[in-house]
Amino acid sequence: MNTNLKVSFYLKRERKCTKSVVGEKMVYPIVGKIIVGKTVAQFSSKLKIEERLWNVKSGRATGKSHVATELNREINRVNLLIHFHYSEILKRTGKVTAQEVKNAFQGIASAQKTLLVLFEEIMQAFYSRVGIDRAKSSYLQYVNTHKHLQRFLKEKYNLRDIPLSQLDLPFIENFDFYLRIERKMKTASVNGVIIQLLSAARIALHRNHISRPPFFGYRLERPEFQIRSIAAGELDNLISTKIESHGLCFVRDMFVFACFTGISYIDLKNLTWKGIITEEDGSLWISKSRQKTNVPFNVKLLDIPVQIIEKYRAFSKDNLVFNLFCQAKTNKLLKYLAKLCGINKVLTFHMSRHTFATQVCLSQGVPIESVSRMLGHTDIATTQRYAHVNRDKIGSDMKLLSARIADKYSSTI
């Protein structure tokens, strides 16, 4: 696309009414013309001059009189401003029209909001709340989405940015395809990026940057449900396998602790001694609120978690019960741990939470309502996604049912 800029000035002589008399001299208004590629826009310079002082070829006043010098200086100033706005728009969006340059020069809202500019404003507002009511990890997700949008615009449209007015359904469908096929992202990851883009579009609509929902008709693809817990035998292997490496042993113990408490990585990382309370019967409980939702949760500590606490009590620092590695390092070590323990799964710390719901609680007859409370869920439907009811659990439940109703119904067959 040709985006070369040309600026010219000429006298407007078409109608007699455009002429005006200054003293005894006839003057004409000077009109400017902006040409960018095949687009054209005209504007009034608000300058006037006698026809005899005007050079049609140069588009400037002739002579060195005070009037000619001042007028040429003003024309040159206008010309420089137009070139400045042209360069600024081209740098920001990668393309430009004559009308956009004219609007910018005249101060009309061609400072039209663009997608990445709006997204950066949202990111800055979010970052100002980090540590107050927002987590840094969530901010980093915005940073990641911003990078994906930058790459997409560059690779697919050869643009640095795009006006919000140009967002439409094909844009988000192309972006969705780009993330899935070219970036090879899984559905859950794609949804995380798309949701932030949809949120930015809603903000643009509420701020009147756009007049209609640009992505109306788009639907997020629902990811396939995956069982994310480890089996009872795998948990036994994890606990019983002898590990020489202190780092791997520590990560194993933290994972096992979470398998028997359902605590998330961030809540375990932030667990202080204040969060562990002793009841009148001597039992220990974790009692705190989840960082993610601020929902309270209470979990009674079984023997294995208590043993792990005592094992690392001497290494406690800064009132923290455990001094965890960062989550990336923890998950990396868990992959080594899985191979060492004969677990043919990509082990992540979050799987411990699913294991708590499935293997430790539901398979042992703990009601799902209690599991939901211990996990800190506000909606039991969320717990149902965590809890996988296996065939053993169904078989066990049906045996109990059979025993209960054995004497209540008589067979007529």
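The model you are looking at is predicted. Now step back into H2 itself, which runs over residues 98–106. Several of its residues are buried: Ala-98, Val-101, Lys-102, Asn-103, Ala-104 and Phe-105. Note that Lys-102 and Asn-103 are on that list.

Next, take in the whole protein. It has 15 helices and 9 strands. Of its 413 residues, 40% count as buried. The protein exposes about 24900 Å², and carbon and sulfur atoms supply 53% of that area. Now consider contacts between residues at least 6 apart in sequence. Of these, 59% join residues at least 24 apart.

In soluble globular proteins, nonpolar side chains tend to be buried together. Look for that here. The largest nonpolar core holds 47 residues. Which of them touch the most other members? They are Leu-238, Met-254, Phe-255, Phe-257, Leu-268, Phe-322 and Phe-349. The elements giving two or more residues to this core are helices H7, H8, H9, H10, H11, H12 and H13, along with strand E9. Helix H8 spans residues 246–259. The largest share of the core, 10 residues, comes from H8.

Zoom in on Leu-268. Set aside residues up to four places away in sequence, and Leu-268 touches Met-254, Phe-257, Ile-263, Phe-322, Leu-324 and Phe-349.

Technical notes. Residues numbered from 1 in each chain as written. Predicted model: local features only at pLDDT ≥ 70, side-chain atom pairs only at ≥ 80, totals over all residues. Heavy atoms only, no water. Buried < 20%, exposed > 50% of the residue type's maximum accessible area, 1.4 Å probe, protein only. Helix = DSSP H or I, 4+ residues; strand = E, 2+ residues; numbered from the N terminus. Core = buried A, V, L, I, M, F, W, Y, C linked by side-chain atoms within 4.5 Å. Contact = heavy atoms within 4.5 Å. Areas by Shrake-Rupley, 256 points an atom, 1.4 Å probe, with all protein chains shown as cover.
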